[in-house]
Amino acid sequence: MFTYYLQLALRSLGRNKALTALMVLAVALGIGASMTTLIVFHVLSGDPLPGRSAQLYYPQVDPRDNGGLMPGKDPPGQVTLIDGRNLLHARHADRQALMTGGSVPVQPDMAAIDPFYVDARYTSADFFPMFAVPFRYGHGWTAADDGAKARQVVIGHELNNRLFGGRDSVGRQLRLAGTSFRIVGVLDDWRPAPHFYDLNMGAYDSAEQVFLPLETALALRLDHDGSTDCWGNGSGGVGTGLPSNSCVWLQFWVQLNDSASASAYRDFLARYSQQQRTLGRFQRAPNVRLPSLMQWLDYNHVVPDDVRLQTGLAFGFLLVCLVNTVGLMLAKFMRRAGELGVRRALGASRRAVFEQLLIESGVIGLVGGIGGLLLALLGLWIVRQRAASYAGLAQLDPQMLLATFLLAIGATLVAGLLPAWRACQVTPALQLKSN
Amino acid sequence: MDIKPILAALRHHKGGTALIALQIALTLAIVCNALFIIQQRLDRVGRPSGVQESDLFVIQNDWAQKLAPAEADARMRADLQTLRQLGSVQDASASNSFPLHGAGWDNFVRMSPDQVKMTTDSAIFFADEHTLATLGTRLAAGRNFRADEIGSQTGNDPLHARQVIISDGLARTLFPHGSALGKTIYTSNDQSPSTVIGITGTLQSHLTELWAQPYAYNAVLVPARLTGDSTFYLVRARPGQLVDAMRQAQDALYAQSRMRIIPADGGVMTFAQARQRAYDADYGMAILMGIISAVLLVITAAGIVGLTSFWVGQRRKQIGVRRALGARQRDILGYFLTENLLITLGGLLLGVVLAVALNLWLVIRLGSQPMSPLYLAGGVLLLLLLGQGAVLAPALKASRVPPVEATRSV
């Protein structure tokens, strides 16, 4: 029966080609536009570390003076060097890492390659295990290396390809900003999106290519990039010296394996703030936050407003396309009331007529869905050509491919329901009589 | 024309009528807001930078090694000397950033040393006596910096310029009544005042984000070279020699010293490219909104044509009867035009509500601006014309149904 209905559907669709083309095109355009924007939105609002993000937290304390104090206002989004070091050395969490961004000149040994700048991350040993950073060769450094200000470096595999042709470079020396470092590890492909651990560096930038112990970078006075917020007579800026202790410019992340340790850590932050206030460093009453990774991304509105807007409008567009298709299908089915009346009079059940019409709308959904998928691929290609930092992330994964397809078929079947239902309500006698 | 019979007939097509009205309503809501967004983006893209953009280009220069501040300053002076001596170059200057660059240094500006909250936010551009000529920005009042006033500092030194030149946007924000010339302002955290010695014409800051819209024309020119690991050289080519100047400038800098890195990608960039980069997202948004609106209008028009054609086909017999009873062709035409007008008006009524609601959502959720009612009026007119235009062909076809149709069965 299915194949017969399919034949009927194809014949009916072929009878009015312009109209069929219009319905298919409307579905395809609606699906194409909404899926393109939805995939971009999905990628940008995704979890950068699936499976681990629930255990990662971003502690915030409020070291500012009382100038401009507004009760209930959130603490700064970064920490000062002194607080960062205190919290790091307190080791109250299961893992913790203090970090900031920078850029360093790479001076290759080979004369063939001119020196160039790469983005760097100055951090502490737990960074790699805490964020489950994959290594291709070697491993990270240890907490002892942090303390010893070791001249050790972990490099990304892009840099490894550029300098060493992709071979295992662990143990080799690399000159950065005039200092020689020993390579201890080479990362595998790693691009968490968003660039969650430091949103100031462009929320969707690719991961850095050079990772150095923070204390080493500070001792060598390597310059840091990113946001520096100062108060009072603090001074930060972009120079070679360190920002003063009334500037926040580092990010501090902790791993807390269960909710009990998370609430214990929150208490610890409050105690720490109180203690610093007693010591006279903090002026404000303890004002602490401990957002989890996803809460932190949400708080910072990492998904660009333009992307939200585009997604919303694209779904409005899809809705119009579907309403259009429903209207046309309704008209089409109702026009065949006579034909359907004859079928009903000859003994076809309502259900059979309903099935027949639903198959016809399903065909439109299927063809429109395939068209929409192709349009979505084209749309993503266009997005990738744009200059936005997230452009390269606009890729279709199998999960979203399936979602596109289900959306297309589901949407047109739902759109076909109303016309098919209306048409099978036709009273056979009335139709036969009126003709 | 009597609309009662039309309404009676529409009652037989409740589903189709409601759907086409809904489609018109949604189209109106989306198209109005999309056009409004396009207009806003084009306004942003079209604002003047205050810079004479043709023949201007920017070189990003990173030092390949750590330099002491004095050494970096000496090299910057030597580089500027070299650039200014090139035949194809008219003038050159060094700065930490430039209009439309996106990244840079912005400070809160205050009117008195004990003020806690800022008066406004402003870009800080490090400048010398050549900066205004290089940018092609005019000095509206006061005087330019003198060569002997130009100092040098690192990013970590507190910013304290005794004399500054400010943009006229900043001057008007700080001193809405009366001239800013000769007045003192506070441009950093420290308590030393800066005297305004000059006011430029229009000059845009480096900030291009939407949040920075109120500060887009605030700039303070500080008479110093900022020494650090990197600097921008702004270079004005002699008229028509932009391409030559860009090549010669890079070669000359490398000839001067190899210990520098000019990034291969975007290290030497015309101002036109910098502008393109700054507004890329806005162009993208405007184009996308344009495509969505156009496609929506086409689909809605096609939907109206399709649906009306069906109705005409279904009612051939009735039309024949009306014609046989004396209705003229134009009565039939008028019937379908009026029918469409009624449906469209119904849809537009709902559409206006939806359009305002959508705009409200954009205002609340995305900090957009409220839409001017003109866009609503324009959208309503557009869709009325679209509806009447779309229905014209099927209605004409209906009017040509011969009276003899009444006598035929099926």
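Here are some notes on this two-chain structure, which is a predicted model.

1. **Overall shape of chain A.** The C-alpha atoms of chain A fill a box of roughly 95 × 60 × 35 Å along the principal axes. Chain A has a radius of gyration of 30 Å, whereas a compact globule of 435 residues would come near 22 Å. Its secondary structure comes to 14 helices and twelve strands. Of the 435 residues in chain A, 46% count as buried. Among the contacts in chain A with a separation of 6 or more, 76% are between residues 24 or more positions apart.

2. **Domains of chain A.** For chain A it gives domain 1 (2–45 + 304–434) and domain 2 (53–299). Taken over C-alpha atoms, the centres of domain 1 of chain A and domain 2 of chain A are separated by 49 Å. Five residues from domain 1 of chain A and four residues from domain 2 of chain A take part in the contact between them. On the side of domain 1 of chain A that touches domain 2 of chain A, there are four nonpolar residues, one polar residue and no charged residues.

3. **Domains of chain B.** In chain B, the assignment gives domain 1 (4–45 + 281–407) and domain 2 (66–258). The C-alpha centres of domain 1 of chain B and domain 2 of chain B lie 54 Å apart.

4. **Where the chains meet.** The contact between the chains involves 49 residues of chain A and 45 residues of chain B. On the chain A side, α2 (17–44), β3 (116–123) and α10 (305–335) each supply at least two residues. The largest share of that side, 20 residues, comes from α10(A). By class, the side of chain A that touches chain B has 25 nonpolar, 15 polar and nine charged residues.

5. In soluble globular proteins, nonpolar side chains tend to be buried together. Here the largest nonpolar core has 167 residues, and V153(A) and F317(A) have the most contacts inside it. The element that gives the most to this core is α2(A), with 17 residues. Apart from this core lies another, of 35 residues, including A64(B), A72(B), L242(B) and A245(B).

6. **A closer look at F317(A).** Which residues does F317(A) touch, not counting those up to four places away in sequence? In chain A they are G30(A), A33(A) and S34(A), and in chain B they are I30(B), I292(B) and L296(B).

7. **A covered strand in chain B.** Strand β4 (residues 120–127) of chain B is mostly covered, with six of its eight residues buried. Strand β3 (residues 106–109) of chain B pairs with β4(B) in the antiparallel sense over four bridges. Within that pairing, F108(B) has D121(B) in β4(B) as its bridge partner. Strand β10 (residues 219–227) of chain B runs parallel to β4(B), and five bridges join the two. There, I124(B) has V220(B) in β10(B) as its bridge partner.

8. **Two residues with positive phi.** K149(A) is not a glycine, yet it has a positive phi of about 50°. K149(A) lies in the loop between α5 (143–147) and β5 (152–155) of chain A. Because 15 other C-beta atoms lie within 10 Å, K149(A) counts as partly exposed. In chain B, D55(B) is also a residue other than glycine with a positive phi, near 70°. D55(B) lies in the loop between α2 (14–46) and β1 (56–63) of chain B. Is D55(B) buried or exposed? D55(B) is buried, because 20 other C-beta atoms lie within 10 Å.

9. **A cis peptide bond.** The peptide bond that joins A193(A) and P194(A) is cis, with omega about 0°. P194(A) has its place in the loop between β7 (179–187) and β8 (210–213) of chain A.

10. **An exposed aspartate.** D258(A) is found in the loop between β12 (251–255) and α8 (259–278) of chain A. Why does D258(A) count as exposed? D258(A) counts as exposed because it has 11 C-beta neighbours inside 10 Å, and the cut-off for exposed is 12 or fewer. D258(A) and A54(A) are 204 residues apart in sequence, but 9.1 Å apart in space, C-alpha to C-alpha.

How values were computed
Residues are numbered from 1 along each chain as its sequence is written. Chains are lettered from A and ligands numbered from 1 in the order in which they are written. This is a predicted model: local features need pLDDT of at least 70, side-chain atom pairs count only at pLDDT 80 or more; totals for chains, interfaces and linings use all residues. Two residues are in contact if their C-beta atoms, placed from the backbone, lie within 7 Å. Ala, Val, Leu, Ile, Met, Phe, Trp, Tyr, Cys and Pro count as nonpolar, Asp, Glu, Lys and Arg as charged, and the others, Gly among them, as polar. A nonpolar core is a set of buried Ala, Val, Leu, Ile, Met, Phe, Trp, Tyr and Cys residues joined through C-beta atoms within 7 Å. Domain bounds come from an automatic or database domain assignment. Two strands pair if DSSP finds at least two bridges between them. The radius of gyration is taken over C-alpha atoms; the globule rule is 2.2 Å times the number of residues to the power 0.38.
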